[in-house]
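Please read this briefing with the sequence and the 3D view open side by side.

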Amino acid sequence: MIKIQVNGRNHELSQDLASTPLLWVLRDKLKLKGTKFGCGKGLCGACTVHFNGNPTRACQLPLSAASGGQVRTIEGLSENGDHPLQKAWIEEDVPQCGYCQPGQLMSAAALLASGAPVDDASIRAAMSGNICRCGTYGRIVRAIKRAADEGGRA
Amino acid sequence: MALVRQDLKTGVGRKIPHESAGKHVSGEAVYIDDRLEFPNQLHVYARLSDRPHARILKIDTAPCYEIPGVRIAITSKDVPGQLDIGAVVPGDPLLADGKVEYVGQPVIAVAANSLETARKAAMAAVIEYEDLEPVLCVEEALKKKHFVLDSHQHKRGDSAKALASAPHRLQGSLHIGGQEHFYLETQISSVIPTEDDGMIVYTSSQNPTEIQKLVAEVIDVPMHKVMVDMRRMGGGFGGKETQAAGPACMAAVIARLTGQPTKMRLPRVDDMTITGKRHPFYVEYDVGFDDDGRLHGIDLTLAGNCGYSPDLSGSIVDRAMFHADNAYYLGDATVTGYRCKTNTASNTAYRGFGGPQGMVAIESIMDHIARTLGRDPLDVRKHNYYGTEDRNVTHYYQTVEDNQIAELTAELEASSEYQRRRREIAEFNRQSPILKKGIAMTPVKFGISFTATFLNQAGALVHIYTDGSIHLNHGGTEMGQGLNTKVAQVVAEEFQVDIDRIQVTATNTDKVPNTSPTAASSGADLNGKAAQNAAITIRNRLVAFAARHFDVTEEDVEFRNNHVRVREQVLPFEELIQLAYFNQVSLSSTGFYRTPKIFYDHEKARGRPFYYFAYGAACSEVLVDTLTGEYRMLRTDILHDVGASLNPAIDIGQVEGAFVQGMGWLTMEELVWNQQGRLATNGPASYKIPAVADMPADFRVQLVENRKNKEDTIFNSKAVGEPPFMLGIATWCALQDAVASVGDYRFAPLLDAPATPERVLWGVEKIKQAMARDAVVETVD
């Protein structure tokens with residue numbers, strides 16, 4: 001059995017899934033559908049989750065490599081959708097089609113949690129792997145700054 | 001009474017958040033692939049042609065069945081009904097029938113208990129081809145008159161004579177690249193067979209009615225057997241107007257043959273390989289103009305690369321022709337559009353729908369004229385603007401009414417400090433031998449309406465339940481543009497209730513039938529009006545009832561801020577609804593709308609295809625490294641016209657996002673095919689769309705204030721989906737300006753689009769060579 005912890009809950013999964021990317025384990029086995037498939041190559045960021053606290057492309061991480069680790073998905077970002085970033089995202093009217101936004105939020109949450117200074121340069125560096133075809137970048141940057149200003153590091 | 005005096009907080013014109021914003025950020029918004037699956041769920045994978053043009057000699061699907069978990073493998077012969085799923089005219093077989101016409105055309109489809117199993121099995125099939133000669137290049141297709149549809153021409157005056165007599169004359173040609181939609185959610189449909197040979201179709205599509213019709217045709221049942229449900233798309237941008245149909249029909253055929261629920265989700269590389277893109281165009285021009293750069297005449301050839309089939313190319317090339325003037329009076333004009341057939345994926349709708357390509361052509365011509373005359377391109381542009389009293393008729397004979405391009409340009413020129421920055425940039429460039437700055441201001445005038453006039457209709461359905469809650473359904477589809485939010489605001493305004501009281505439900509062909517695609521920026525214009533019509537019908541019934549019931553006149557009944565006032569008496573909205581129900585008043589209505597005034601006579605190439613125009617302008621500044629061609633976006637200022645905004649938060653989001661997409665199209669997004677017609681840029685590793693760091697470092701977006709649409713549109717707003725896409729042209733022209741500075745602005749770089757760093761570097765080299773030649777000539781003189 002392969003053990004992982006997802007959003008604080010422990011799971012034991014079949015060895016048959018060893019080579020299955022974490023993305024599909026989350027979506028198909030654990031029914032956590034908030035993490036999205038975008039490209040399957042780790043290049044669009046739609047599947048971003050936190051693995052042991054680091055922003056990670058779930059489509060590129062085989063379950064075997066995640067064994068024993070802690071995974072946090074968009075469903076685990078906050079209890080009631082009230083993480084400072086989630087609130088700021090709504091305040092700044094960020095989402096359009098919404099499909100990339102769980103990944104964007106997880107990358108942004110990792111930036112805030114890292115304790116690094118939040119400015120244009122660090123935001124651009126942290127968010128460059130998350131593409132948004134609706135072009136919501138300007139608002140993403142503003143929302144991250146707003147959340148940081150409002151103590152969103154917790 | 002105090003409450004009744006207050007304004008509604010969530011009606012029209014307010015910054016209401018997108019109806020799904022909370023679900024978008026919590027991950028709870030359900031897209032097709034997030035829906036619950038069934039224990040006997042099938043997944044479909046299509047095996048694609050690896051030849052650009054070939055006869056199919058043999059298909060053997062027997063090896064597919066050797067893979068455990070496979071349920072069925074089908075070819076074109078297995079489709080129970082009509083094979084062709086062409087949108088307007090035939091030409092798109094669901095599965096290749098005897099021949100393949102591009103690399104990526106689906107040949108067989110395999111269904112299995114998992115997508116990976118289906119893929120393995122599909123690759124096990126044996127397919128043999130006999131190669132045929134492909135046509136891969138648009139210029140070759142144009143020369144051979146290899147077209148998917150007939151050509152069309154707009155003609156005003158005698159352009160040949162005007163060209164011959166003009167003080168100056170220029171010729172040139174230009175290649176404009178296509179664009180991959182790259183919606184983050186790939187094409188997907190999930191279907192469930194029902195009793196009576198019916199089908200429930202969950203699809204990510206801008207066009208539920210067309211999916212309904214095509215699914216009915218391929219499984220050979222009447223349309224009433226098929227129900228299509230569409231809650232939201234993870235991006236559409238035109239790519240899901242016609243080309244969502246393939247996966248929907250493929251899944252439906254397999255569900256029909258197996259009796260099992262079936263899903264088809266395209267892997268990213270397959271999506272990019274199978275589906276068409278924005279049309280690449282090849283442009284040739286011959287223009288005559290005076291010393292101010294004002295056009296006397298133009299002869300313009302617009303050759304769209306349509307790919308292997310017609311799809312929507314008729315209307316797309318038409319729209320390129322309709323926008324070959326952008327904001328300019330062309331003088332005596334001949335504009336000819338060709339629909340070239342090549343052995344590539346069938347190109348399709350993409351935000352702007354040909355309009356951007358027509359506008360890039362004329363903007364390139366403006367730059368060419370300006371460099372030839374040694375003028376600032378903005379001066380030449382302004383000299384050519386449509387007038388308000390004269391010079392205000394387009395080359396297709398529509399009068400440009402309520403033209404605001406000159407004042408809009410003047411306002412942006414002042415607020416962006418264009419003239420000061422233009423001087424400072426010239427000075428910077430004199431001091432800086434390697435890094436060069438460029439600046440450009442370009443206008444947008446975009447025609448609003450489907451040019452296929454009959455499509456300009458919409459329906460809606462409104463119910464009020466006995467608790468006072470309101471159900472709203474309309475024929476438009478939500479792809480992130482905030483359509484559901486805007487239409488709900490309209491209904492909230494008409495009933496004077498808070499938007500929380502209104503539930504917009506998934507677009508559904510059982511609720512509102514015979515809908516047009518959500519396209520041509522028309523979603524809110526059409527569906528907002530239809531929903532308003534339904535709401536007013538119910539409200540009128542309520543007013544008539546209240547007047548009878550309370551024995552007052554209808555003028556005594558007023559809806560305001562969640563209440564109804566009947567003279568001195570004030571009732572909460574839901575109390576009136578209760579009363580109306582018990583007094584047997586119908587609380588449900590359909591609504592309908594058709595756009596007035598518009599027509600187009602294709603024979604005469606004359607008419608008023610557009611109800612109105614939307615305007616905008618952008619000013620972009622860039623910095624170019626002339627040793628590498630790499631560049632940065634320094635600043636962009638935008639002023640854009642949305643009439644009286646239904647929702648400024650959503651509208652500004654549309655303007656920002658459209659600009660970014662337009663900028664990407666003309667700068668970094670390059671599609672490359674190899675000699676065998678295979679798309680080489682078939683994934684995000686090689687096809688780059690803008691990311692956060694590609695944004696202008698300084699980005700300022702404003703909507704035009706206090707300028708209602710003069711036409712009777714929904715609350716006098718204007719469409720916003722597509723028009724701001726073409727604001728991105730400013731970045732492309734700014735890059736050319738930076739390159740032109742290398743030659744002291746005396747030579748036009750004439751870059752093809754997109755202006756990738758590679759093309760910018762070539763442009764710099766071309767200018768240096770032109771200067772060297774010039775120096776030689778001067779020495780000889």
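Predicted model: local features only at pLDDT ≥ 70, side-chain atom pairs only at ≥ 80, totals over all residues.

Residues are numbered from 1 along each chain as its sequence is written, while chains are lettered from A and ligands numbered from 1 in the order in which they are written.

**Chain A as a whole**

- Chain A has six helices and five strands; helices (H or I, at least four residues) and strands (E, at least two) are DSSP runs, numbered from the N terminus.
- Along the sequence these elements follow the pattern β-β-α-β-β-α-β-α-α-α-α.
- The radius of gyration of chain A is 15 Å, which agrees with the value near 15 Å for a compact globule of 154 residues. It is taken over C-alpha atoms, and the globule rule is 2.2 Å times the number of residues to the power 0.38.
- A box of roughly 45 × 30 × 25 Å, taken along the principal axes, holds the C-alpha atoms of chain A.
- Of the 154 residues in chain A, 57% are buried. A residue is buried if 20 or more other C-beta atoms lie within 10 Å of its own, exposed if 12 or fewer, and partly exposed in between, with C-beta atoms placed from the backbone.
- Counting contacts in chain A between residues at least 6 apart in sequence, 62% join residues at least 24 apart. Two residues are in contact if their C-beta atoms, placed from the backbone, lie within 7 Å.

**The two domains of chain A**

- Chain A is assigned domain 1 (2-76) and domain 2 (84-149); such bounds come from an automatic or database domain assignment.
- The C-alpha centres of domain 1 and domain 2 of chain A are 21 Å apart.
- Contact between the domains of chain A involves 15 residues of domain 1 and twelve residues of domain 2.
- On the domain 1 side, strand 3 (48-51) and strand 4 (54-57) of chain A are the elements that give two or more residues. Strand 3 of chain A gives the most, with three residues.
- That side of domain 1 has six nonpolar, eight polar and one charged residue. Ala, Val, Leu, Ile, Met, Phe, Trp, Tyr, Cys and Pro count as nonpolar, Asp, Glu, Lys and Arg as charged, and the others, Gly among them, as polar.

**Where chain A meets chain B**

- Here 39 residues of chain A are in contact with 43 residues of chain B.
- Helix 3 (84-91), helix 4 (101-114), helix 5 (120-127) and helix 6 (137-149) of chain A each supply at least two residues to the side that touches chain B.
- Helix 6 of chain A supplies the largest share, five residues.
- By class, the chain A side has 20 nonpolar, twelve polar and seven charged residues.

**Details in chain B**

- An open sheet of three strands in chain B has the order 4-2-6, with antiparallel pairing. Strands pair if DSSP finds at least two bridges between them.
- Its edge strands are strand 4 (99-100) and strand 6 (126-131) of chain B, each pairing on one side only.
- Strand 2 (residues 54-60) and strand 4 of chain B are joined by two bridges, and Ala54(B) stands opposite Val100(B) in strand 4.
- Ile638(B) belongs to strand 28 (residues 631-640) of chain B, and it counts as buried because it has 26 C-beta neighbours inside 10 Å.
- Leaving out residues up to four places away in sequence, Ile638(B) touches several residues, including Gly616(B), Val655(B) and Leu727(B).
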